Amino acid sequence: MGSLDNKIALVVGAGSLGDGISNGNACALSFARAGAAVVCADRFLDRAEATAKLITDEGGRAVAVQADATVEADVQAAVDRAVSEYGRLDIIQNNVGVGGSWGLPDEIAFDDWNREIAQNLTSAYLGIRCAAPVMRAQGGGVILNVSSLFAVRFVRRPNTGYTAGKAAVEAMTRVCAMAYGRDNIRVNCLRIGFVETASLHHGLASRTADAEEKEKALNSTRRKVPLNGQHGEPFDTGGAAVFLASDAAKHITGAILNIDGGLEVAAI
């Protein structure tokens, strides 16, 4: 996947919802296992601390910080903590993403629209806004944004705010890759499909409490994945993040990397 020895990474949205591994803490763990020191930031400090403990229990280096990814002062404080703790910031992953307000524009509340745009798009904007000056001053760095299959495919029913936010993250990735290239800052995006995380199961639980119905819903999407008929795992995302953050990808910028088992090109 590539080495991250002596690199400093900040993962914004490093916690997990409930039990199990999320994309965020899988990426934080993967960065640490590749050699990076990791600043684990999350809106909920206990979730950030849990991820940092997973890393330090394995002998890695990590600290936890509380940060609401939609609040500039919080994101700036997380960047500042990376610099004060480790001396620099080589990698930032803008991992926050929240959906759930299903419906078309005339069906969802304006407050829900604003919330999802803030959490999916503004969070990435703030991560870039706060990290880019540090990276420019030190001679370079890597910015990783996180998008979703929903940005490019209609998946069963409309999720307007989430879809619009993630599609905009991809557009912002391309713009920033072109503009920050002169500063030796690479900007790429992970486009994630269906991954077996606590968040996925939590979303299903909000729709039905019946275990058999939840399993049917999971199987209905599993069957559509061209690669072995299985959802992804969080460490599939982690492996891709390490690759794009490492020097193995030193000539890659402006890329949107699908991690979806082929769903983006499938007829779903």
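This is a predicted model: local features need pLDDT of at least 70, side-chain atom pairs count only at pLDDT 80 or more; totals for chains, interfaces and linings use all residues.
Reader: Which residues of α3 are buried?
Author: V75, A78, V79 and A82. Buried means under 20% relative accessible area, exposed means over 50%, and partly exposed is in between, with a 1.4 Å probe and protein chains only.

Reader: Where do those buried residues fall, seen down the axis of α3?
Author: They fall within an arc of 95°, so they line one face of the helix. The arc is that of the directions from the helix axis to the C-beta atoms.

Reader: And which residues are exposed on the other side of α3?
Author: A73 and S84 are exposed there.

Reader: What covers the buried residues of α3?
Author: The cover includes β1, β2 (37–42), β3 (62–66) and α4. Contact means heavy atoms within 4.5 Å.

Reader: Switching to strands. Are the residues of β4 buried or exposed?
Author: Buried, on both faces. Strand β4 spans residues 91–94, with I91 and Q93 on one side and I92 and N94 on the other.

Reader: How many bridges join β1 to β4, and in which sense do they run?
Author: Four bridges, and the strands run parallel; β1 is residues 8–12. L10 has I92 of β4 as its bridge partner. Two strands pair if DSSP finds at least two bridges between them.

Reader: How many bridges for β4 and β5?
Author: Four again, also in the parallel sense, with β5 at residues 141–148. There I91 stands opposite V142.

Reader: Where does the chain go between β4 and β5?
Author: Through helix α4, residues 110–138, in a right-handed β-α-β crossover. Right-handed means that, with the strands pointing away from the viewer, the path from the first strand over the helix to the second runs clockwise.

Reader: What does A241 touch?
Author: C27, F31, Q93, L144 and L190, not counting residues up to four places away in sequence. A241 lies in helix α8, residues 234–245. It counts as buried, at 0% relative accessibility.

Reader: Now α5. How far does it reach?
Author: Helix α5 has 21 residues and reaches 30 Å from first C-alpha to last, close to the 30 Å expected. Its buried residues include Y162, V169, M172 and Y180. Among what covers the buried residues of α5 are α4, β5, β6 and β7 (256–259).

Reader: And T163, what does it touch?
Author: F150 and A151, leaving aside residues up to four places away in sequence. T163 is in helix α5. At 25% relative accessibility, T163 counts as partly exposed. T163 and A151 are 12 residues apart in sequence and 5.0 Å apart in space, C-alpha to C-alpha.

Reader: What is phi of N6?
Author: Near 70°, a positive value in a residue other than glycine. N6 sits in the segment before β1. It is exposed, with a relative accessible area of 65%.

Reader: What about phi of N184?
Author: Positive, about 60°, and N184 is not a glycine. N184 is in the loop between α5 (160–180) and β6 (185–192). At 52% relative accessibility, N184 counts as exposed.

Reader: Zoom out. How many helices and strands does the chain have?
Author: Eight helices and seven strands. Of its 268 residues, 49% count as buried.

Reader: What is the radius of gyration of the chain?
Author: 18 Å, which agrees with the value near 18 Å for a compact globule of 268 residues. The radius is taken over C-alpha atoms, and the globule rule is 2.2 Å times the number of residues to the power 0.38.

Note on methods. Residues are numbered from 1 along each chain as its sequence is written. Side-chain values use heavy atoms; hydrogens and water are left out. Helices (H or I, at least four residues) and strands (E, at least two) are DSSP runs, numbered from the N terminus. The expected span of a helix is 1.5 Å times one less than its number of residues.
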